[in-house]
Amino acid sequence: MSFSLAHALTGLFWLGALLLLGGLARRASLWQQGRSASVSWLGLLAMPKRYFVDIHHVVAREPAVARAHVAAAGGGVAILLLSALNYGLMLYQGWLDVLLVLMAVVMLLGARMMQARRLQAPPRLSQGRWQVLPARLRLFALGSLLAAGLLFAGPQLGLAGQLIAVVALLMLALGGAELALGIGLGWPMKHAVAGLLHLAFHPRVERFAGKSSDLKPLNLAAGELGVAKVEDFAWNRLLSFDACVQCGKCEAACPAYAAGQPLNPKKLIQDMVAAQSRGTDPAYAGNPHPGREATVVVKPGEDIVGSVLAAETLWSCTTCRACVENCPMLIEHVDTVVNLRRHVTLSRGEVPGKGSEALANLRNTDTVGGYPLAVRYHWAIDLDLPLLQPGEHTEWLLLAGEGAFDMRYQRALRALVKVLKAAGVNVAVLGAAERDCGDVARRLGDEAGFQRLAQANIATLAQYRFAHIVTPDPHVFHCLANEYPALGGQFDVWHHSKLLEHLLARRAIPLKADATPLPPLTFHDPCYLGRYNDGFNAPRNVLKGIGIKVVDMQRSGRDARCCGWGGGAAFTDIPGQRRIPDMRMDDIRETGTGRVAVACPNCTAMLEGVVGERADVIELAELVVERLA
Amino acid sequence: MKIAVLIAPAVHPVSGRPCAGEADLAALALAQRLSSQVDVWYAGAADDAALADYLARGATHIHTLALAAGREVLSPLAEALQDYALVLCGARAGGGDGSGLLPYQLAEQLGRALLPDVLDLSKSDQQWQALQALPKGVRRTLAAKLPLVASVHARAASAVGWSYARLQQGKIQRKAATGAALPQVVLEPARRARALVAASKVSGHARMQGAIAGGEGKSAGIVVKQGDSVEKAQVVLDYLRQHQLVDF
Ligand code: SF4
Ligand code: SF4
């Protein structure tokens, strides 16, 4: 009896393996619709490190779920490997059966924990097949347990043993189908295969070697104009969509979703899956884009935007990277949003709201607001701020950015210059030679406009001699530090929080001696300083350095909520139920401090734009200047 | 039906860079609404880069009559446009030396009627109708007959959005042309503007009272205090309709 059960297991194993391979071949043919991409096969070797280190960084934030996954997936993989040895290769060793039993127990526990969580599933989780997955996994684990146990202790059991064997085989077949068919039919277990391959062939492979948050340039000369159809994605980008486990962590983190704007990043990724699988996968069973139907109609051959995806969904994104930061499968939502926007902007010219006006201003005046370049430094007229001349040298070059045209933010800029002067920093500006950095153009999809501005700025900066650049605008900072290098501009760029931190640490800023204790306040992390550049500590150290206690909001640092400005969202202004800055102001109110420190001209404008009673919004430099001796 | 659209670079009011003029864009948009055969014409000395905005905004092909600077564009244009039953242009160029006279001179030269400040043109039962913009938001509908020159108001619906792909695909075809020298421009000091005299000398508050306080035939205003917001809005809407300030 035990002999025949073992053979049945061998048959089942190979059947499963064949089905899995067939499914993988089918799925791979879907990925092949995409463009070619330069990937390294060595990625396969790097997979374990990426799995255990990089993914761990993300999932460790939710330890209970991580434990359940370790048990279920670890147990499952071990069962598969052991079965491959013992039954696939027909070794039929008793001690391997003992190990199998142990691993089955581990997997059973993991699946049990998952099932318990599913009983009170948070709304961000998808239902449908995902809801029943833990039960299927339990079935598989139980089947393995019974079969291996039986084989180990079997011959004595007689008729009962035969019955158990049949039950075990049934369980294995049912549970195993979930594993074997997942990749081919787009069922939940697709994530295991696609997820591992995604780790190996990640479209942003640099992220495993350090921070990587820059948008990649389009080769405009070669006619690249963004993504219109599924075929315009790189194949490994299509693969990345299939890695999604529909955990909804992106959904829970997304400010646009919370504001009721028609964007759910999880659904966005699933829309891409629907587009590439031409709707053959099981229907999506999660939350829709707010205010929209969950069902999509896939029309093969049609542009993605306008068929599976509404343009408003695309334009709601603030590119805050909260989704990317939280995604356990390391999916890069912002890349996809911007790639799709590029097509809509560059090919169709359909930028909604004030977005097209901002882009026209950039084309015509090199500023977002349509200002004359010559007035950018008018606020500094009495500050004796040197205008750098070509050939002259300065230690620090200050780029004020677009905030220089805003009367409110000019106060912050004046404060910054005063502090730098008090600290004896050798700083100068470009005056009318400074153009917009191109941030808004790029995030709105106008890659051509961005590259024009970036190249013009790089050419301008090449005429001057300076050691470092400092800017109070995190968007300018991010563009220059991370996105200009791809276009040939290498600069040593500092955000002003970093410079202030540095000066305070060296006691270069003369502070008032009488340390009247200052009331605590809270700090709003700008996305483009924080999540984009890991600049979490510098601003906090500055506040500490001038003796102010920071009461952090519940969502701060890595989890900070966007102010709503980024990605040109303040210009496209897609309506929702609430406004994102209003929600952020609620976060600020919760701290009870009544004051919030900011470190970005755009956060300043968004938070000060909140109507009704609100906390005072104070720029970092303004706080420091108050403490000057 | 083949339609000719005249365009010219505008001067950006802030930076002084060449860009597309609003009225010319509106003319382009109107032509594209009316027909799929739209020929876009430019006469003058501007280089291709100055016309780029029009390519990006939907002109697929621009015929340029290249003239030396300071030459008159009227006669070469008139010659090129003779065979078009409908010629559309912006009511005036966006800045620069434009005088706003070209539509009139062109119509005269071609021996046709000029329909100025058009917002929309449509054809029903072989009859053309034009919606014309008048000052203070007043609109009127006119019957029109081809051949015709129409100047399009800057507030008419604008052309499609700016697109890099269209800019790349658009073509500019240059043909050398000759025109007479522009007449000498004579500058003279502006006449002293007549000082505005207020029609009545009462205070603003008193005038507001006069406008809204009812009774004794003193006022044309109505003060609506009764009714819910829908009824009040209806009164406003009726007023706007009566004065042709909205057209729905
Ligand atoms: S995209 Fe990432 S975070 Fe969002 S549901 Fe999928 S796996 Fe989860
Ligand atoms: S980047 Fe921010 S706004 Fe955009 S989808 Fe992700 S979380 Fe939402």
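Reader: Let's start with Thr64(B): which strand does Thr64(B) lie in?

Author: Thr64(B) sits in strand β5 of chain B, residues 61-66. Keep in mind that this is a predicted model, where local features need pLDDT of at least 70, side-chain atom pairs count only at pLDDT 80 or more, and totals for chains, interfaces and linings use all residues. Residues are numbered from 1 along each chain as its sequence is written, chains are lettered from A and ligands numbered from 1 in written order, and side-chain values use heavy atoms, with hydrogens and water left out.

Reader: Is Thr64(B) buried or exposed?

Author: The scale is relative accessible area with a 1.4 Å probe, protein chains only: buried is under 20%, exposed is over 50%, and partly exposed is in between. Thr64(B) comes out at 1%, so it counts as buried.

Reader: And which residues does Thr64(B) touch?

Author: Contact means heavy atoms within 4.5 Å. Leaving out residues up to four places away in sequence, Thr64(B) touches Tyr42(B), Leu51(B), Ile172(B), Gln173(B), Arg174(B) and Lys175(B).

Reader: What does Arg174(B) form a salt bridge with?

Author: A salt bridge is a side-chain nitrogen of Lys or Arg within 4 Å of a carboxyl oxygen of Asp or Glu. For Arg174(B) the partner is Asp48(B), with the closest N and O atoms 2.6 Å apart. Arg174(B) is in strand β11 (residues 171-176) and Asp48(B) in helix α2 (residues 48-56), so the bridge ties together parts of chain B that are 126 residues apart in sequence. Arg174(B) is partly exposed at 41%, and Asp48(B) is partly exposed too, at 30%.

Reader: How many salt bridges does a search of the whole structure find?

Author: Over all chains, 49. In chain A, Arg558(A) pairs with Asp534(A), the closest N and O atoms being 3.5 Å apart. That pair links distant parts of the chain, 24 residues apart: Arg558(A) is in the loop between α21 (537-545) and α22 (569-572), and Asp534(A) in the loop between β5 (522-523) and α21. Arg558(A) is partly exposed at 32%, and Asp534(A) is partly exposed at 36%. Another bridge joins Lys354(A) and Glu357(A) at 3.3 Å, N to O, with Glu357(A) partly exposed at 42%.

Reader: Now the interface. How do I read its size?

Author: Interface size is often given as the accessible area lost when the parts come together. The buried area is what two parts lose (1.4 Å probe), summed over both. Chains A and B bury about 1100 Å² between them, 52% of it on carbon and sulfur atoms. In terms of contacts, 17 residues of chain A meet 12 residues of chain B.

Reader: Which residues form a salt bridge between the two chains?

Author: The count there is 1 salt bridge: Asp366(A) with Arg17(B), closest N and O atoms 2.6 Å apart. On chain A's side, α14 (333-348), α15 (355-365) and α18 (447-461) each supply at least two of the residues that touch chain B.

Reader: Last one: how is chain B divided into domains?

Author: Domain bounds come from an automatic or database domain assignment. Chain B has domain 1 (2-176) and domain 2 (204-242), and their centres, taken over C-alpha atoms, are 42 Å apart.

Terms used. Helices (H or I, at least four residues) and strands (E, at least two) are DSSP runs, numbered from the N terminus.
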